[in-house]
Amino acid sequence: MKRTTLITLKTLTWIACLSVAGRLVWGMVTNDLGPDPSAAIAFATGKATIWLLAISLAITPLRRLSPRLNWLIKFRRLFGLFAFFYATLHMLTYVALYSGFSVAAMESDIAKRRFITMGVAAYLLLVPLALTSTTWAIRKLGGKNWNRLHKLVYAAAICGVIHYWWQVKTGVITPLTITLVLAVLLLARPVTAWLQRRKARAAVTA
Amino acid sequence: MLIGKPPDIPSSEITSREDYFRYLSRRRFLKGAAATGATALAASRFIAPRAVQASTKLQTVPSPLTTTGEQLTTLDDITHYNNFYEFGVDKGDPAKNAGGLPTRPWTVKVEGKVAKPLTFDIEDLLKLRPLEDRVYRHRCVEAWSMVIPWVGYSLSEFIKQCNPLPSAKYVQFLSYYNSKIEKWGYQDPGISWPYSEGLRMDEAMNPLTLLTFGLYGETLPNQDGAPVRMVLPWKYGYKSAKSIVTVRFVEKQPPTTWNDQAPNEYGFYSNVNPNVDHPRWSQKTERRIGLPFYAQRRTTLMFNGYTDQVASLYNGMDLRRNF
């Protein structure tokens, strides 16, 4: 891929990823976030987190489809870090707009409310991944260890989806789409691994 | 300041009665013009246009039971942020889907422990007593709140016309249900329709208990429970049954929809109580709808701030157990 194409694509990715935050900031300034702005901010940041996480998880299966898609790897860290960025905003929304910075309220929420417990767990799982996202950290940890650590992203995604289902009220099925997408992306891994093994075996016997 | 005492409202933000009637007459003029066009269009396309009740102005009188000092939630938010599961589970669904609710002709049946079963026509109910303007705080169990200028009269005035027998200890309200019109109700297989709610007789006779026909000085929009609904400002919103077709006087505590659905989450009484949390979220604070994000959060008041009027109803009761 040409350097200019890469720079253009990265710029577009940044713009796309920041557009959600941009719309929220604009809505805050103009007070145009609908009847329940706190809920609108919580929903938009949460949704951005889980979808960006799904996009970052889609990169490996897509690359396996064709070697010509290998360049996608250059975007994985960007999507992962933007997922963490929105997860942090989502957390801050809870801390500021829902608990009102009350430590007592947060403690009782985390202890008693399973959707909050699950959300906090998902966030804590993302923290070490964000901290070890630099090239320096990858080198320091060694590729193998780094890969093993970053398997935590699967746990974070699953916790995130459970958090979503536990948050919505009975009868609401909005988390269904992202659940199916993530299920496909997680299942794609063992399936492509199995296909590759079979191809290798076929090559040996031939 | 996100938690703690409610922010002081500058008096300039409190909509006065005069202001909102001035606003109403302006809005009605615009809507009238639009409605004329829409009716002409409808008539040209259908031989028998469906009876859709456009909101009409109601003749009202002031009430000493109105809540003062609160900034009113806008009509737009009151009509586009609703829970009315028969018309869908999203807050915006009822505004989109409730157009087909046939609010005329409409009758309310009175049955059960009464001297004689009766049927009231909605037009007679509207004329039974002078309609009062009553601003009430509205607190949803989902931890959001509004301030709504309702129109109606105390339910006790209606109950006096029903001649309940001494054996009537509770009153049950049943909402309109027609699966052809309210097809969204089936999205939740756990709920058995029609929607049912109930009160103890002394709660029903409390002057705050409002038989409600309108808001902002006009008849109720469909999504807010047209043409007649209950409003119980000291209880969570779902206690206030919408679009009532049957009032039944009974001896025993009647089944109520949300209590049947999840008895550990929604009690029969469902009084607003910051000390009893919902299992899935805290009830200590609430978000006021329509305010900017930094000003939404406020402390929830016991009985939603109506302690003086209703606390005596629950003397000697353990409100943690009878939540």
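1. The buried residues of helix α3 of chain A are A:Leu78, A:Phe79, A:Phe82, A:Ala83, A:Phe84, A:Tyr86, A:Ala87, A:Thr93, A:Tyr94, A:Ala96 and A:Leu97. The model under review is predicted, and every remark below should be read on that basis. The cover over these buried residues includes α1 (3-30), α2 (37-65), α4 (103-112) and α5 (114-131) of chain A. Chain B also contributes to that cover, through β13 (297-299).

2. As to geometry, α3 of chain A spans residues 76-98, 23 residues in number. The distance from its first C-alpha to its last is 32 Å, close to the 33 Å expected at 1.5 Å a residue. Just after this helix, A:Gly100 adopts a positive phi of about 60 degrees.

3. Chain B supplies 26 residues to the contact and chain A supplies 25 residues. About 2,000 Å² is buried between chain B and chain A, with 50% of that area on carbon and sulfur atoms.

4. Polar and charged pairings across the interface are as follows. The rule finds 3 salt bridges between chain B and chain A. B:Arg287 and A:Asp36 form a salt bridge in which the closest N and O atoms are 2.6 Å apart. On the side of chain B that touches chain A, the residues comprise 11 nonpolar, 7 polar and 8 charged.

5. Over all chains, the search of the whole structure returns 22 salt bridges.

6. Chain B contains 8 helices and 13 strands. Of its 323 residues, 54% are buried. Among contacts in chain B with a separation of 6 or more, 73% are between residues 24 or more positions apart.

7. Within chain B, the side chains of B:Glu70 and B:Arg137 form a salt bridge with an N to O distance of 2.8 Å. This pair connects distant parts of the chain, the two residues being 67 residues apart. B:Glu70 lies in the loop between β1 (60-62) and α2 (75-80), whereas B:Arg137 belongs to strand β4 (residues 131-139). Both B:Glu70 and B:Arg137 are buried.

8. A further pair in chain B lies within one helix. B:Glu157 and B:Lys160 meet in a salt bridge at 3.8 Å, N to O. The two residues are separated by about one helical turn, because they are 3 residues apart in helix α5 (residues 155-162) of chain B. B:Glu157 has a relative accessible area of 22% and is therefore partly exposed. B:Lys160, with a relative accessible area of 52%, is exposed.

9. The last pair for comment is B:Arg200 and B:Asp202, which form a salt bridge with closest N and O atoms 2.9 Å apart. B:Asp202, at 34% relative accessibility, counts as partly exposed.

Terms used:
Residues numbered from 1 in each chain as written. Chains lettered and ligands numbered in written order. Predicted model: local features only at pLDDT ≥ 70, side-chain atom pairs only at ≥ 80, totals over all residues. Heavy atoms only, no water. Contact = heavy atoms within 4.5 Å. Buried area = accessible area lost by both parts, 1.4 Å probe. Salt bridge = Lys/Arg side-chain N within 4 Å of Asp/Glu carboxyl O. Nonpolar A, V, L, I, M, F, W, Y, C, P; charged D, E, K, R; others polar. Helix = DSSP H or I, 4+ residues; strand = E, 2+ residues; numbered from the N terminus. Expected span 1.5 Å × (residues − 1). Buried < 20%, exposed > 50% of the residue type's maximum accessible area, 1.4 Å probe, protein only.
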